[in-house]
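Please examine the structure shown here, with attention to how its parts meet.

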Amino acid sequence: MSSLRFRVVEEAFKKKAVYVERPEERPSDYFAKYVFNREKMLRYLPRDTYNSLVDAIDNGKPLNREIADTVAAGMKQWAIEMGVTHYTHWFHPLTDGTAEKHDAFVEHDGKGGMVEEFSGKLLIQQEGDASSFPNGGIRNTFEARGYSAWDPSSPAFIVGDTLCIPTIFISYTGESLDYKAPLLKSIDAVGKAALDVCHYFDPNVKKVIPYLGWEQEYFLVDEGLYAARPDLLLTGRTLMGHESSKNQQLEDHYFGAIPTRVTGFMQELEIEALKLGIPVKTRHNEVAPNQFELAPIYEECNLANDHNQVIMELMRRVARRHGFRVLLHEKPFKGVNGSGKHNNWSLGTNMGVPLMAPAKTPQGNLQFVTFLVNVMMAVYKHNALLKASISSATNAHRLGANEAPPAIISIFLGSQMSKVLDDLENSSEDAIISFGDKMGVKLNISQIPELLMDNTDRNRTSPFAFTGNRFEFRAVGSSANCASAMIALNSAVAFQLKQFKLSVDEKIASGQEKEKAIVSVIREYIKESKPIRFDGNGYSEEWKEEACKRGLDCETSIPLIFDAYMRPSSVEMFSSVGVMNAVELAARNEVKWETYTKKIQIEARVMGDLALNHILPVATRYQSLLLDTVCKIKTVFSEDEAAKISAKDIDIIRKISYHSSEIQEKVKAMVDARKLANKIENEREKAIAYHDMVAPKIDEIRYHIDKLELMVDNQMWPLPKYRELLFVR
Ligand code: ADP
Ligand code: MG
């Protein structure tokens, strides 16, 4: 019966915070203890090897086999001193997590004994069975070889007894089968394109770097309660559950005092994260009950993304030590906020100049506006693609719901930046630029207040907001690999900056002064990209209408949203910046559709099982109890009186009948819809069928189950209820 539910609730209530021993050293001392960073490289590598490796990391210079051998030897020595016995190539396949295959260092020594070995060859490259990972048909099983290749720009790190070497994962024919390979290419592309544009302003800049600062939202649920919810266990979200009488309406959780069991979890998570070189900084409660957030200081895009993958794994492990399960699903609970992963993104130069922040000089501000406006153009032209980059079966529950970014991409600039751009658009060129003064050129860009950063009022309804020194891509899902969004954004901005440079160079070639050429192209862009600017309420119905009128992408069906990747404009953009070709894009879309289908399929199966085997039997049992009562009442009272006394019970009996038969019918309809969909071969068509025919049934069934939950005796209800999942901690 429901004894499991009551037992786990009782146990959860009794749990005390787990004591976390703090290291004696200061955080700055144990920071990156488990990372083969520059400090360790210096210590464990010969000087010339160190220099070559740093050159490879900073400037992408290739490393020869000899150097790799020396690096591997140094890494091995460090790792063994740290008690490590195994190593793994660690990569990001096109799934929800990372992959690793552990090998021990030991080899035969040829004399009957063993010796620890780790060669440059093993460091650089490893073969893997690519057919076991999503590959969109690029790998057929009969030629199933792919390989992982070392990414020296992200340092190796230790987890437990294993040395993890960040790698890319590609097919033998060179197509990328992971997130990291195209991410690295996009970082390179946007860096180069931005560098060329920077040289208009400062010829001494050597490199431009994209930065990423993610904010990870998550829920914690007591692990006993979690175990009693097969839907959470198998799908990551609750497929049923009536809203708790209290949830987030009092707004008393956000930034409130952190519960002690959770504080323990956070402390240990932070200590472990710091040891892994992840610069975690911020922790707080989020809006929904049992929802929290963690954010580090931003880092170079590739490293930040690796760190996000590491931390999601770390959260899962640490949560278990504290008797919790961490939910990274975008929408674990209906009726309360879902979880996102804001991607704070910016560009900066090797000289430390941020390109997305106002500067002190007019020249600097022209540079700032140049980059800002180019990002706006990129987002405008590729708004459908950017939406596709953050879309998934799980994030679909969050987007468009009345609490998260809408399923339309727009940019929030804030009143001050809007005014700066409006002024630029409306003043004459001569009013903006005057020549011939002693300093050469004078720019009259209206003063950009330095306080901008603090003043940008935070329009939380915008999916893409300018927040003073960066853009915040807020539509990214909490379970996503940030790379998907970052690949699209970096590439689109790279492509846009290249176009910008062409236009400006053309004007310069035809005799215009540089500044004038820049300003005139920017002014065209400000006009052209206007439809993407929206500072109002992104959740409102009016905005949906208005956005469609403006020609922004308003598609809401996830399988159809993915089509944006195959638009000619996307294929041209990705291939011309060298990030992905048409074959790779097509293969990746196959994976996306397939993954979408599988996720809905799993949910539908779990729903069917829970409905028929967990909920209906309980409803029937309660109904028969009521029937018993009604019959007994008849034996004691007169017919009239009995009818009166039993009226309410009879009403409930009828309702239970109604909801039960609806559930039964709808489960059958859902299974039929699935059978039909499963016959479809084409992955896109199949995903569409799952979206249109299967997914809505899950919600319909849920409606009736949630109604039953309110009718059936609480004692009998088998699944932990929302109030228990959300408030027990
Ligand atoms: P909020 O919740 O108010 O948006 P947080 O402090 O939680 O702010 O998170 C802000 C994130 O943005 C942090 O990860 C921070 O390091 C990052 N960030 C700050 N400045 C930049 C920048 N110039 N480029 C990229 N990320 C940035
Ligand atoms: Mg933020």
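The following paragraphs describe the domains and then one interface between them.

This is a predicted model, in which local features need pLDDT of at least 70, side-chain atom pairs count only at pLDDT 80 or more, and totals for chains, interfaces and linings use all residues. Residues are numbered from 1 along each chain as its sequence is written, chains are lettered from A and ligands numbered from 1 in the order in which they are written, and side-chain values use heavy atoms, with hydrogens and water left out.

The domain assignment (automatic or from a database) places domain 1 at 18–178, domain 2 at 188–580 and domain 3 at 595–727. Between the C-alpha centres of domain 1 and domain 2 the distance is 30 Å. Their contact (heavy atoms within 4.5 Å) involves 26 residues from domain 1 and 22 residues from domain 2.

Domain 1 and domain 2 bury about 2000 Å² between them, 59% of it from carbon and sulfur atoms; buried area is the accessible area (1.4 Å probe) that two parts lose on being put together, summed over both. Of the area that domain 1 buries against domain 2, 24% comes from Val18, Val20 and Phe31, more than from any other three residues.

The side of domain 1 that touches domain 2 comprises 15 nonpolar, 5 polar and 6 charged residues, where Ala, Val, Leu, Ile, Met, Phe, Trp, Tyr, Cys and Pro count as nonpolar, Asp, Glu, Lys and Arg as charged, and the others, Gly among them, as polar. Between the two domains there are 0 salt bridges, defined as a side-chain nitrogen of Lys or Arg within 4 Å of a carboxyl oxygen of Asp or Glu.
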